[in-house]
Amino acid sequence: MPKPSYCANEYFQRPDPCVLVLFGATGDLTRRKLIPALFSLFLQKLLPHQAAIVAFARKPKTDDEFREDLLDAVRAFAPSLPAGGPEWQNFIRNVYYHRSTLDDAAGYQALKQRLVELDARHGTNGNRLFYLAVPPDSFSVIADQLAACGMNKPVRDGACVRIVVEKPFGFDLASARELNRRLRMHFAEDQIYRIDHYLGKETVQNILVLRFANRLFELLWNHLYVDHVQITVAETLGMEGRGAYFDKAGVLRDMIQNHALQILTLIAMEPPVSLEADAIRDEKVKVLRSIRPFTPADVAQGTVRAQYTSAETDGKSLPGYLEEEGVPAGSTTETFAAVRLWVDNWRWAGVPFYVRSGKRLNDRFTKVVVQLREVPDVLFSRLACAEVEPNTLSICIQPNEGVEIRMSAKEPGPAMLVSPVRMHFDYAEAFGKAIPDAYERLLLNALLGDASLFARGDEVEAAWSLITPILETWATGEPPLETYPAGSRGPAGADALLGPAGRKWL
């Protein structure tokens, strides 16, 4: 490959020339996220100088018709971007539409020829990035077709071919292993990029910097000082028309198996030997393999599953899960899940990790809370002051990205009154600019060949090996499915999961 050119930021390399092929190009993900992210990267001069985008879909469209569709999409879903102006025209003229079904061999042969033509036109040197924005049952179909016409291999020495697959990656451990096997029939592991958009969020990426670039935190990051860790992924929305899809998954598969466990590994991992992708992913896999496996008894005692019911909130009537469009009558799919995990290694021995996620809750946020052990109750207990609360470090991943430390301080005045105070760091305020969408970073890293923000095959299987026994036990009816009113904090069982130790959700 030619030597990469550099952007205005001297520490950042511009990706090599490349053709990006988007499968599922007329779908919602492409319209809402991928094209706005690519246009934003173009505006920041972070895309390669020589680049082309090929949209692969079955609907009959011309290049110009598809470009008009994308203009409407960017105006609708990314109104802050200057769609329609000269920058847009410079971007969109490199976008092409290719009509074919996912299982049509002739369509792939035609695509192969078109990519050769685009190499000559745009100087992309045979580099390919295939992005599969399609349902998981189509991953293997596309991989088989690409391999059948030789597009899984570089067209020349020095060229690269990569494939990006969206979540969900598998339905359980067996299906994840099978999907890995099918992809590896045609692509090497270092060609496969399994995407989890949470890893593209700036606050998630900053966990490594927070931990390993600040001695203040890393010295306390172990069982000697940490009482427990909480990870919460809460949403206020219900199904929003996705009931039929969600009912086959449930929140344990949809959120905890990927998003929450990815965050947990970054919180619990040991320092990697470098910032190279495999060095980071090696440490994440070690964490997953250190988590205590679930027995049926552990599942009954250490997990909670629940489903929201209809309720009145702020004068608004919210439907229950069973009333949502596409949800079958009598469904027992969970819309809320809470799990207690134990990382059985030297650093975290005896420290519980509490993970919860739910739909139709009273607030929307994703947050990590690391609570330190209480101070000895021998000094301030002698005074008539407020109870001294444990110190906490909170990492807010969304929506208000930042870090907060809760500590104790004396209230002004003659009396010794101790109250909790908060030291807060806000990303947008501190750096004076908006935080980019996660897909911008992930697309850029895929173009660069940096896999550090993507899951490796053994990492995916390790996560499923933890979650599958829970799913199997839940299928037997244990523990019983709880309910909670839509718009509430969640089921009572989630509080009870922390309650015996005197802990509470923060």
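This is a predicted model: local features need pLDDT of at least 70, side-chain atom pairs count only at pLDDT 80 or more; totals for chains, interfaces and linings use all residues.
Strand 1 (residues 18-23) pairs with two other strands. Six bridges join strand 1 to strand 2 (residues 51-57), and the two run parallel. Within this pairing, V19 has A52 of strand 2 as its bridge partner. Between the two strands the chain passes through helix 1 (residues 28-43), and this β-α-β crossover is right-handed. Strand 1 is also joined to strand 4 by five bridges, again in the parallel sense. Here the bridge partner of V19 is R128.

Strand 2 is mostly covered, with seven of its seven residues buried. In a regular strand, side chains alternate between the two faces of the sheet. In strand 2, A51, I53, A55 and A57 lie on one side, A52, V54 and F56 lie on the other, and all are buried. Strand 2 also pairs with strand 3 (residues 95-99) in the parallel sense, over five bridges. In strand 3, Y97 stands opposite A55.

Y131 stands opposite V164 of strand 5. Together with helix 5 (residues 139-148), strands 4 and 5 make a right-handed β-α-β unit.

An open sheet of nine strands is also present, in the order 16-15-14-13-7-12-11-8-17 and with mixed pairing. Strand 16 (418-426) and strand 17 (482-485) stand at its edges; each has a single partner strand, so one side of each is left without a neighbour in the sheet. From one strand to the next, the twist averages 20 degrees. At one end of the order, strand 8 (residues 303-309) and strand 17 run parallel and are joined by four bridges. In this pair, Q307 stands opposite T483. Strand 15 (residues 402-410) contains M407, which is partly exposed, with a relative accessible area of 32%. M407 forms a nonpolar surface patch with V421 and M423, and the accessible area of the three together is about 240 Å².

Side chains of opposite charge can pair when their charged atoms come close. The structure holds 27 salt bridges. In one of them, D254 meets K167, with the closest N and O atoms 3.3 Å apart. D254 lies in helix 10 (residues 251-268) and K167 in the loop between strand 5 and helix 6 (173-184), so the pair ties together parts that are 87 residues apart in sequence. D254 is buried, with a relative accessible area of 6%, whereas K167 is partly exposed, at 22%.

E218 takes part in salt bridges with R211 (3.4 Å, N to O) and with R347, where the closest N and O atoms are 3.0 Å apart. R347 lies in the loop between strand 11 (336-342) and strand 12 (352-358), and E218 in helix 8 (residues 215-218), so this pair ties together parts that are 129 residues apart in sequence. Both R347 and E218 are buried. R211 is buried as well, at 0% relative accessibility. A network of salt bridges links D278, R281, D282, R456 and D458.

Definitions and conventions
Residues are numbered from 1 along each chain as its sequence is written. Side-chain values use heavy atoms; hydrogens and water are left out. Patches are made of residues with over 30% relative accessible area and no salt bridge: like charges are joined within 9 Å, nonpolar side chains (Val, Leu, Ile, Met, Phe, Trp, Tyr) within 5 Å. Accessible areas come from the Shrake-Rupley method with a 1.4 Å probe; for residues, only the protein chains shown count as cover. A salt bridge is a side-chain nitrogen of Lys or Arg within 4 Å of a carboxyl oxygen of Asp or Glu. Buried means under 20% relative accessible area, exposed over 50%, partly exposed in between (1.4 Å probe, protein chains only). Two strands pair if DSSP finds at least two bridges between them. A crossover is right-handed if, with the strands pointing away from the viewer, the path from the first strand over the helix to the second runs clockwise. Axes are lines fitted to C-alpha atoms, for helices over the stretch in contact, and angles run from 0 to 180 degrees between N-to-C directions.
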